[in-house]
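Reader: I am new to reading protein models. Could you take me through this one step by step?

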Amino acid sequence: VVSGETLNYSVSRVSGEDAGEYEVTVTASGNSNYSVTVNKDNKFKINKADLSVIVDSEEITYGDTVPSGFTSTATGLAGTDILDGTYTLNGGAEVSAAGRYTIAFTAADSITKNYNVKVTNGTLTVAKRDITITAADAEKVYGGTDPTLTATVTDGSLKSGDSIEDLVKVERKSGDDAGTYDITVSKKTDSEKVKNYNITTEKGTFTITRKEIRVKAEDKTQKYGAAEEALTYKVYGSDGTTEITPAPALDVTLTRASGDNVGTYRISVTLGDNPNYKITTEAGTYTITAADGTDDNNKLIITADNIVVTYDGKAHTLSADVNVTDGTKIEYRTTTATEPDTDNDEGWSSWTQTAPSYTNVQYNGSDVATVTVQIRATNKNYATATVTRTILINRKDATITPKTLSKVYNTDDPDWDEHSAVA
């Protein structure tokens, strides 16, 4: 173009505001001194703007609902443009445990066509759930079966679908004697769900109570003079009627009241150290009965002789002896009946401790009578002994011979008594 002159022309482009290249049109007119050629290779270019998208991070606790709508902050949007795109959590995989998960953003085509998008991903943090698990107290009676040990969540809560059994095991300190033992709660090492919780544990108490039993001394019976019976006892449940067999080993001492004579004696139960049992006791009775006379060495034996004499004017006493004098009473009763009945009292005299004694001949009617004497010996330690003996005093023969007497006729008879004689 000549210096000082300008060409007349106008420039226009294809309409459009999105990033890209557009055709440019040049129109020249009124340039009669020039032959104008238009270069059509140049384009009008709209470059993409820079857009920064920072995805907002979020935090929830394990078990909470995973948010479905995420947000972000966009820097560089022009005019009334609105950020459009999609969010992807954890690459589309399920979020099921505590941990950190990527929140990614993918801009929509309506954005990427005009912007160079730089995305800073966000993070969804699933925090562990805080809970406190406390062992439940439990107990049993000594010798019984352990109950199932349990625990409860005493602070916080479990995610729906999770259970305490998924997370912890509940155990007690070993021991079988009565007393208290710790119940502990420990995390399971083979459970994936444990990783989702911050678990605080609290101990419980396992109590073994003393077993209630009743110790009864067994009653014993011994015959007087026999060997002493061994003292024994039986063990019953708390009801006092259901025997426990085999009986447990107990520290128990049995003693009976002293005494060897016929009678009853208390058998006492003394308790020693029995830490696993709560024991009530019941005394027994030791009975010594009279010797039954089946053993010749352990019975009353009466010794007495029959008496048969001829009247001599002297008293004749039928007295008895007994082999055991200590505590023994000897009694007598008599009858002159011909056939006395020793099994009843009819016809007999009363029992007396005075030995019967006779001087004169005894009669049953006009006949000389034999006196039957029943003798009994009593002692509380022996069976009563009886024997029957007799006393017979026969008449003494006597002859009366009168003297030869005379008188003078017509005088009184002499005194016969004065002149009689007995041979």
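Author: Let us begin with a definition: helices (H or I, at least four residues) and strands (E, at least two) are DSSP runs, numbered from the N terminus. With that in hand, K140 is found in strand β12, residues 138-141.

Reader: What kind of model is this, and how are residues numbered?

Author: This is a predicted model, in which local features need pLDDT of at least 70 and side-chain atom pairs count only at pLDDT 80 or more, while totals for chains, interfaces and linings use all residues. Residues are numbered from 1 along each chain as its sequence is written, and side-chain values use heavy atoms, with hydrogens and water left out.

Reader: Back to K140, then. Is K140 buried or exposed?

Author: K140 counts as buried because its relative accessibility is 11%. Buried means under 20% relative accessible area, exposed over 50%, and partly exposed in between (1.4 Å probe, protein chains only).

Reader: Which side chain makes a polar contact with the side chain of K140?

Author: That of D146, at 2.7 Å. A polar contact is a pair of N or O atoms within 3.5 Å; within protein, one must be able to donate a hydrogen and the other to accept it, and residues adjacent in sequence count only if both atoms are side-chain atoms. Contact in general means heavy atoms within 4.5 Å. Leaving aside neighbours within four places in sequence, K140 has contacts that include R172, F206 and I208.

Reader: Let us turn to sheets. What is the strand order in the open sheet of three strands?

Author: The order is β13-β11-β16, and the pairing is mixed. Two strands pair if DSSP finds at least two bridges between them.

Reader: Which strands stand at the edges?

Author: β13 (151-155) and β16 (197-202) do; each has a single partner strand, so one side of each is left without a neighbour in the sheet. From one strand to the next, the twist averages 35 degrees. Such angles run from 0 to 180 degrees between N-to-C directions, and the axes are lines fitted to C-alpha atoms, for helices over the stretch in contact.

Reader: In what sense do β11 and β13 pair?

Author: Strand β11 (residues 129-135) pairs with β13 in the antiparallel sense, over four bridges. Within this pairing, A135 stands opposite A151 in β13.

Reader: And what is the sense of the pairing between β19 and β24?

Author: β19 and strand β24 (residues 284-289) pair in the parallel sense over four bridges, with K220 opposite Y286 in β24.

Reader: Where do Y62 and Y197 lie?

Author: Y62 lies in the loop between β5 (58-61) and β6 (72-75) and Y197 in strand β16, so the pair ties together parts that are 135 residues apart in sequence. Y62 counts as buried at 3% relative accessibility, and Y197 counts as buried at 2%.

Reader: Which residues form an aromatic cluster?

Author: F70, Y87 and F105 form one.

Reader: One last topic: the backbone. Which peptide bond is cis?

Author: The bond from T245 to P246 is cis, with omega near -10 degrees. P246 is placed in the loop between β20 (233-237) and β21 (252-256).

Technical notes:
Rings of Phe, Tyr and Trp (its six-membered ring) pair if their centres lie within 6.5 Å; planes under 30 degrees apart count as stacked, over 60 as edge-to-face and the rest as tilted.
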